[in-house]
Structures are given as structure tokens and as C-alpha cells.
Amino acid sequence: MTNGTATPTDLDARLEAHRTELTGYCYRMLGSSFEAEDAVQDTMIRAWRSYDKFEGRSSLRSWLYRIATNVCLDMLTAGNKRARPMDLTESTPLAQAALSPRPDNTWLEPVPDARVLPTTDDPAEAAVAKESVRLAFMAALQRLPAKQRAVLILREVLAWKAAEVAELLDTSVASVNSALQRARATLAEQQEPGAAAAVSDPLDEDQQKLLDRYVAAFEGYDMTALTALLHEDAVMTMPPFDLWLTGVRDITGFMTTLGAPCAGSRLVPVQVNGLPGFAQYKPDPEGGGGFTPWAVQVLEISDGRITGFHCFLDTKRWFPLFGLPLHLEAETDQVEEGA
């Protein structure tokens with residue numbers, strides 16, 4: 001290395017110290033947990049290869065964000081915008097429900113909190129970070145043009161100054177402020193009624209009781225108990241299928257018809273997208289009484305009810321990402337939460 005006295009080992013450690021926050025940034029930009037990890041790896045390789053040209057005029061962190069932004073903007077030139085089922089189609093009545101999958105790159109993906117939320121001692125900073133990876137906010141971000149998305153994340157989520165963002169994007173402060181204003185206006189127009197997931201950090205006593213009741217209702221497949229927990233306008237989604245349901249009657253109706261094989265499932269808590277969630281294992285007909293992965297569930301809560309119930313079904317991708325086992329033995333009541 002020609003820049004200072006950094007050894008390869010020292011540089012590796014310095015770069016790795018920024019991996020989690022960079023993954024969070026790239027995830028917000030791209031809407032995909034796997035693409036975010038690819039983007040960060042590309043960022044690290046570019047930083048390693050060009051470190052001898054880094055002159056220290058900015059901090060290493062700022063330099064890495066510049067590289068990561070360019071990587072993400074390159075990846076977004078194809079124009080792919082990841083979405084939730086409700087962003088693409090109308091709600092389907094239960095009587096017309098059909099499970100039609102779409103390609104993986106259609107969907108906004110879930111992500112483990114630990115992969116994208118750096119440890120911080122500042123409760124306000126931690127709250128903003130969690131709110132900024134929640135599914136509704138992530139979906140709104142995906143509707144912004146790529147550079148507006150970068151400006152909004154850097155200014156509003158990461159609290160960068162306008163001048164710092166202007167330097168990173170090689171533009172003017174006026175341009176940054178204009179982009180931020182347009183991004184804010186777009187998000188305000190797209191704000192959905194009840195979209196805010198009112199989840200405290202950590203969960204307050206009432207929220208924890210609600211989740212405990214949900215686990216009991218779901219594992220017992222008790223639709224009466226579940227009905228009492230769901231908001232009357234609750235939404236259920238199941239990527240990679242584009243079907244989505246709204247309202248307690250259609251959700252519980254689906255669960256007792258097309259979803260009936262989920263009866264007898266077990267739920268393992270996970271921290272996902274700044275929200276409470278569960279890894280769902282359903283009975284394995286070939287597992288000698290054990291349980292097989294079925295979905296990563298993400299719950300949105302507001303005013304003491306569950307307003308969103310989002311099930312990500314591609315278990316071969318999600319369970320390893322969350323560090324979850326691909327089988328539960330019948331006698332296993334619980335497992336350690338994944339990464």
C-alpha cells in the first residue's frame with residue numbers, strides 16, 4: 001500500500017468496520033438483501049484496489065459511501081423497482097384467489113436487522129434506522145428516481161449535511177436541496193393510511209402481549225382468536241405470489257382453505273426490517289413429525305392490532321440468510337433466533 005502505512009490486515013479491518021452500515025444503505029437503495037450484499041462486496045473490492053489513490057481529502061467512511069452510491073446507481077440503471085404485491089395489483093377477493101408467482105427480482109425483500117442496523121448508543125438514531133428499513137417506507141423509497149433516493153437516505157436517514165451529499169454526488173448544494181424537496185413531496189403523496197407501523201423499541205408490554213397472543217392463536221390455528229388480533233383492514237401478502245388479501249374475513253378464510261396445511265405450525269421469533277417477525281415452520285409430512293420451513297413472517301402493528309401480515313415464502317433463500325435451521329425436530333419447542 002502506498003497510502004500511509006496501512007497493512008492489508010489493517011485495511012481489511014477498517015473496511016469491515018463499515019460493512020453493516022453500508023449494507024443498510026445499499027439495501028435501502030436496492031430493496032434487495034442479496035443485491036445489497038453484492039453491492040457492498042463490490043464496494044469493498046473497489047476500495048481495496050484503489051486505496052493507494054485515496055488521498056484522505058475526505059474520511060474513509062465518506063469515500064466508501066461514494067463508491068457504494070456509484071455501485072448502486074450502476075445496478076439501478078436497468079430501472080428495476082422492487083415492490084410489494086399491493087404496489088402492483090388490486091386486492092383479490094378470497095373467492096377469486098389464485099397463487100400466481102412472479103420472478104424474484106419483482107419483490108421487495110426482507111432483511112435481518114443485524115445485517116443492516118449498526119449498533120448505536122443513541123436511541124433516536126436507532127429508531128430512525130429501524131423506521132427506515134420498514135416495509136412501507138422501503139416500498140415508498142423504491143418509487144423515487146435513483147439519485148433522489150440516494151439524497152433522501154443520506155440526508156434524512158443518515159443525517160448527512162447537504163454540502164457532504166453534494167460532494168459525494170459531484171453536484172451542487174442547491175441541486176441536493178431540490179432533489180430532497182421533490183423526494184419528500186413524492187413520499188408525502190404516497191403515504192398510505194395507517195402505513196406507519198407503531199412499534200416501540202424495545203417492544204412495550206402491550207405489544208409483547210399482542211405478539212404472545214398472536215403466537216398462541218397461529219400455532220393453535222384458532223381463527224376466532226386471530227380475528228380479535230387483526231385490524232379490520234389488515235393486509236396479508238405472500239411473495240413470490242402477487243395475490244394479496246385485505247380484511248379479517250378474507251385473511252382467515254384463506255388460512256382455513258388454501259392455507260389449511262399451515263395448521264399445527266411452529267413460530268420462531270426473528271428481528272426483520274425493524275419489525276417483529278417469525279420464522280414459520282409447518283408440519284413436515286415426510287419428516288417423522290418434525291417441521292419444515294414455510295415462511296418468514298413480518299408483522300406490522302398499529303393501535304394494538306396487527307395491520308400487516310407479510311409472508312415471504314422462498315425459504316431456501318430466507319432461512320439461511322436469517323441463520324435458521326432447515327428442519328425442526330418434533331420435540332423442539334424453540335430454537336435460538338437466527339442472525
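Visitor: How many salt bridges does the structure hold?
Guide: This predicted model holds 15 salt bridges.

Visitor: Why is the contact between Glu16 and Arg19 called a salt bridge?
Guide: The closest N and O atoms of Glu16 and Arg19 are 2.7 Å apart. The cut-off is 4 Å between a side-chain nitrogen of Lys or Arg and a carboxyl oxygen of Asp or Glu, so the pair qualifies. Side chains of opposite charge can pair when their charged atoms come close.

Visitor: What makes Glu16 and Arg19 buried, partly exposed or exposed?
Guide: Glu16 has a relative accessibility of 42%, and Arg19 has a relative accessible area of 23%. Buried means under 20% and exposed means over 50%. Both values fall in between, so Glu16 and Arg19 are partly exposed.

Visitor: How do you know that the salt bridge of Asp170 and Arg66 ties together parts that are apart in sequence?
Guide: The side chains of Asp170 and Arg66 meet at 3.2 Å, N to O. Asp170 is in the loop between α10 (162-169) and α11 (173-190), while Arg66 is in helix α4, so the pair joins parts 104 residues apart in sequence.

Visitor: Why is Asp170 given one exposure class and Arg66 another?
Guide: Asp170 has a relative accessible area of 63%. Exposed means over 50%, so Asp170 is exposed. Arg66, at 25%, lies between the 20% and 50% limits and therefore counts as partly exposed.

Visitor: What makes Asp104 and Arg317 a salt bridge that links distant parts of the chain?
Guide: Their side chains meet at 4.0 Å, N to O, and the cut-off is within 4 Å, so the pair is counted. Asp104 is in the loop between α5 (85-88) and α6 (113-116), and Arg317 is in helix α15 (residues 315-321), 213 residues apart. Asp104 is partly exposed at 41%, as is Arg317 at 24%.

Visitor: Which residues are linked with Asp104 and Arg317 in a network of salt bridges?
Guide: The network also takes in Glu35, Arg82, Glu109 and Asp314.

Visitor: How many residues are in the largest nonpolar core, and which have the most contacts inside it?
Guide: The core has 103 residues, and Met29, Tyr214, Met255 and Phe309 have the most contacts inside it. Helix α4 (residues 60-75) gives the most to this core, with nine residues.

Visitor: Which residues is Met29 in contact with, leaving aside its neighbours within four places in sequence?
Guide: With those neighbours left aside, Met29 is in contact with Cys72, Leu73, Leu76, Gln142, Ala146, Arg149, Ala150 and Ile153.

Visitor: What is the phi of Tyr221, and what is the phi of Asp303?
Guide: Tyr221 has a positive phi of about 45°, and Asp303 has a positive phi of about 55°. Tyr221 sits in the loop between α12 (205-219) and α13 (223-229), and Asp303 in the loop between β5 (291-302) and β6 (305-312).

Visitor: Where is Pro240, and is the peptide bond from Pro239 to Pro240 cis or trans?
Guide: Pro240 is in the loop between β1 (230-238) and β2 (241-246). The bond from Pro239 is cis, with omega near 15°.

How values were computed:
Residues numbered from 1 in each chain as written. Predicted model: local features only at pLDDT ≥ 70, side-chain atom pairs only at ≥ 80, totals over all residues. Heavy atoms only, no water. Core = buried A, V, L, I, M, F, W, Y, C linked by side-chain atoms within 4.5 Å. Buried < 20%, exposed > 50% of the residue type's maximum accessible area, 1.4 Å probe, protein only. Helix = DSSP H or I, 4+ residues; strand = E, 2+ residues; numbered from the N terminus. Contact = heavy atoms within 4.5 Å.
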